[in-house]
Amino acid sequence: MKAKEIQELIDFIAKSGLNKVDIETEEFKISVQREASQKVKYVSEPAPAAAPPALPQAAPALSQAPAAPAAPAAPQPAADDTSKYITIKAPMIGTLYRSANPESPAFVNVGDEVKQGQVICIIEAMKLFNEIESEVSGRIVKVLVDNSSPVEYDQPLFLVDPS
């Protein structure tokens with residue numbers, strides 16, 4: 001990655017409000033993290049050859065670990081109720097938009113039926129607008145992200161009842 005590309009990435013993260021971003025390719029691994037003082041720092045290192053298959057499995061475990069202490073505070077039946085739903089997650093970092101433009105209605109709302117491949121939202125990343133399609137067919141039970149909110153990779157966006 002060139003220095004200019006790294007600086008553009010840091011600027012994007014600073015403007016988006018994200019706290020941490022990890023990017024990994026076959027050639028390198030970069031981690032950008034915002035500290036409490038709002039400064040942005042980055043760490044770059046060569047990616048190990050065998051690590052890419054293992055890291056995607058480790059990343060969800062890390063994102064679930066902080067949520068584990070909060071789970072006992074919530075009532076257990078609520079956690080069981082959501083277990084039958086499928087979570088649609090963000091495939092990239094960026095800003096989520098629920099409609100094509102401010103004047104248009106949202107792509108999907110709670111209670112709407114969706115089909116696999118149907119556009120459910122847009123994620124803007126680096127001035128590119130990416131249509132996000134549903135991975136499953138079913139009924140939208142809950143919208144987990146507000147319009148115009150920054151989202152991180154693998155962040156839950158929607159809960160879908162497949163039945």
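**View 1. The largest nonpolar core of this predicted model has 16 residues.** A nonpolar core here is a set of buried Ala, Val, Leu, Ile, Met, Phe, Trp, Tyr and Cys residues joined through side-chain atoms within 4.5 Å; buried means under 20% relative accessible area, exposed over 50%, and partly exposed in between (1.4 Å probe, protein chains only). Look for Leu96, Ile120, Cys121, Ile123, Val151, Leu157 and Phe158, the members with the most contacts inside this core. At least two core residues come from strand S7 (119–125), and at least two from S11. Apart from this core lies another one, of 10 residues, including Ile6, Phe12, Val21 and Ile30. In soluble globular proteins, nonpolar side chains tend to be buried together.

**View 2. Four strands make an open, antiparallel sheet in the order S4-S11-S9-S6.** Strands (E, at least two residues) and helices (H or I, at least four) are DSSP runs numbered from the N terminus, and two strands pair if DSSP finds at least two bridges between them. S4 (86–89) and S6 (113–114) are the edge strands; each has a single partner strand, so one side of each is left without a neighbour in the sheet. S4 runs antiparallel to S11 (residues 156–161), and four bridges join them.

View 3. Val110 is 49 residues away from Leu159 in sequence, yet their C-alpha atoms are 9.2 Å apart in space.

View 4. Three bridges join S5 (residues 94–97) to S10 in antiparallel fashion, and Leu96 has Ser149 as its bridge partner in S10.

**View 5. The chain averages a pLDDT of 75, and 67% of the residues score at least 70.** pLDDT is the predictor's confidence in each residue, from 0 to 100. Over residues 50–80 the pLDDT is below 50, and this stretch has five contacts in the model beyond near neighbours in sequence, a contact being heavy atoms within 4.5 Å.

**Notes on the views.** Residues are numbered from 1 along each chain as its sequence is written, and side-chain values use heavy atoms, leaving out hydrogens and water. As this is a predicted model, local features need pLDDT of at least 70 and side-chain atom pairs count only at pLDDT 80 or more, while totals for chains, interfaces and linings use all residues.
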